[in-house]
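Please look through the model below before reading my remarks. The numbered points that follow are meant to be checked against it one at a time.

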Amino acid sequence: MGQRTLVTTDSHISTPWTLADDLPEEYRQQVPHLEQRDDGLYFVRPIPPGFERMAQMMAGAGGAVKVDPDQINRMAQGNCLPEANPGTSPGERLVEMARDGIAAEVLIGAGGFGVTGGPDLQRVWCRLTNDWLAEAYADHMDKFAPGITLPLDDMDAAVLELERAAGLGLRPILLPEAIWAKPFYEPYWEPLWEAAEGLAVPVIAHLGGARSVSAPWRPSDAPFVLDRPPKSTGAGFSFISVGMAETVGWFVMGGVLERHPDLTVVFTECFGGWLKWAMDHFDNQVHSGVAAAMGVELEALPSDYIRRQVKATFMWDPTAIALRHEIGIENLMWGNDYPHAEGLFLQSQEFVEQQFSGVPENEIDQIVRANACEVYGLQV
Amino acid sequence: MAVRRVDSNCQVALPSTLVERLPEEMRDQIDLDGVVGADATPEARLAAMAEDDVAAEVLVPRGGWQPRSDPEVQLRWAQVCNDWFAEAYGGHRDRFAPTITVPVTDPAAAAAELERADELGLRGVALPQVVWDPPYYGEEWDQVWERAAALAQPVVFVSNGAHTAHVTGGKIGGSDHPAAALSATTLEACGMLDPLGTMLRSLNLNPDLVVVLAEASAGWLAWAIPFIDWNYTACRLGLLADSRTALPELPSHYIRRQVKATFDHDPSAVAGRGITGVDVLMWGSGPVMAGVAPTRSSDMLTRQFRNVPADEVDRIVRGNASELFGLGGARVTTNAASGSPAS
């Protein structure tokens, strides 16, 4: 069969290398920027404290890398397949999308995985990033959903910036999968959920490896779960993916979804086949009386909230497809994780065909295109 | 109609009086504060089993590991625990499989104590899901896996909070927000992917080694098995890694052959048995949550097996654990075998 119309809900984009040049010097040093040194031009990427693994996984290792003019786009992205050439402009993106048979993208910037610097810098940098995306993609919002980066350490400022960025056409809100110091069930986040709900802007929590780090009593040099010997068995990637169930629990058992029934939360790149297990797990906490005994009383079952307000994205997940009716077809979306090494760039059409074999056409289309169009307001 | 079962994960609190069996100078290194579990005495266990219609139990001790103690104290304490289990349950071997406590920072001592406790009749060696000094992926632990395989002693991994304590800065259960604890239970379960991944190499090297992922709430495993295979064979992240682990077979081969996962109430695990294999799954009650956990005779336990063939239910709730831990007395004529396990 011919190419399907695919919308990837998980596509990564960096900011232009020169964007930081618009900042005062004291701020410029704290965000990704160019730096002229004695032996050449370097790209410097500070990593927000506490987000080291996320930054490494999403945007390549931190520190400074000498600029290779032939590799600029790949270097800016960090974690990048050698076949990809991930530019920042709509024109460059459309060329890459055509190579992989992609019709539309949700653009996820590295800023969503933790913003460096104090509240003042965060406000300025987020505004700069959001303005750049809005300007660059203004004429392409039917094919692109550029995500909103927010100054998460100042909730008043975050809400103001959300309102401003949403007014520019950006969506969704980008959040890390976990912020240990401020889990998403904390009252601190309520103004953001209320604003997102009111503006009908979905929230995404993107997999970033937060759970690749073992408990705080680990040795300081302990390798991340993904990196431990024996490598490459896939168990580590599996763990950090299904580990997102904890974040789902924050939203569900923390009552966030009950208090904000129009809020949509997308758990991105964590795959979806485990979502049925998570539904059963949290429902069991209600049925068994454990939740009530701990002071959690919900009007509906956790699985009801998940089906109503939670989406999960996957690139390859036959279990999610097999369980699509139990999970909910409208709760699943596809994404290719462009241009990351673990992603499907140049394999997207092939892997979609393989994993959806035998599934009715209308259901395939819903998962690989229609759900994303509805959630993110894309038109393809 | 009731079902007679084998509880493959009955977590009991070791009696605090056992500390008195240690030399006086060692006693203050044993920390049993906050250790929660069912009453470990045979009398209490037999009474609970009669009430819950449980035929046999695999006893997993809480308080056995003392990783912050000196190595010699850990060893001595492990010997005390194992000796007490052997004394207390020596006359009930058909109905109880008390697992072995070993030091967790000295693999050589652990291997030696495993062998000693094996001779005492204990079955299964209980280990925390993650240790660091040294880590399981270190070659120091190979002697333990080899010894366990040779003695047909299953290695039982039990959660030690290695993946659940981020929100509270390292303190297990340290948050006063109920959503923290309720959500973290998912990591108690799927955190077993950590030792599972670590052990794939050893499962290949030791085909007779069996690993039990206790309190794993196994529904996630049905998702993980094909996902792990895909990572191993097709995902470019794995293929690009610089020290790819060579396994002659797919990871799923070793999981289905040598891994067991215990669960209490998990309809997804039951529904996913076609992927995991029935022989991978074992029912077990898991940690005690005083006053809030359902009893082992709860209707929830039987409801999850509705419409499952009786022989498969019997494997999961009795047969698999009975065979693995040699619980001969558990080979009773069960209601499950009569074909009405879920009625």
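1. In which loop of chain A does Pro339(A) lie? Pro339(A) sits in the loop between β11 and α16 (348-355) of chain A, where helices (H or I, at least four residues) and strands (E, at least two) are DSSP runs, numbered from the N terminus. The peptide bond that leads from Tyr338(A) into Pro339(A) is cis, with omega near -5°.

2. A word on conventions: this is a predicted model, in which local features need pLDDT of at least 70 and side-chain atom pairs count only at pLDDT 80 or more, while totals for chains, interfaces and linings use all residues. Residues are numbered from 1 along each chain as its sequence is written, chains are lettered from A and ligands numbered from 1 in the order in which they are written, and side-chain values use heavy atoms, with hydrogens and water left out.

3. In chain B, a cis peptide bond joins Asp133(B) and Pro134(B), with omega about 0°, and Pro134(B) belongs to the loop between β6 (125-128) and α5 (142-150) of that chain.

4. Strand β10 (residues 310-314) of chain A has 5 of its 5 residues buried, so it is largely enclosed by the rest of the structure; buried means under 20% relative accessible area, exposed over 50%, and partly exposed in between (1.4 Å probe, protein chains only). Val310(A), Ala312(A) and Phe314(A) point one way from β10(A), whereas Lys311(A) and Thr313(A) point the other way, and all are buried.

5. The neighbours of β10(A) can be followed through its bridges, given that two strands pair if DSSP finds at least two bridges between them. Strand β9 (residues 265-268) of chain A runs parallel to β10(A) and is joined to it by 3 bridges, with Val310(A) as the bridge partner of Val265(A). Another 3 bridges join β10(A) to strand β11 (residues 332-334) of chain A, again in parallel, and here Phe314(A) has Trp334(A) as its bridge partner.

6. Chain A also holds an open sheet of 3 strands in the order β2-β3-β4, with antiparallel pairing, whose edge strands, β2 (33-37) and β4 (63-66), each pair on one side only. Between β2(A) and strand β3 (residues 40-45) there are 5 bridges, and Arg37(A) stands opposite Gly40(A) in β3(A).

7. Ala200(A), in the loop between α7 (190-199) and β8 (203-206) of chain A, has a positive phi near 55° and is exposed, with a relative accessible area of 62%. Asn307(B) has a positive phi near 70° and is exposed at 76% relative accessible area.
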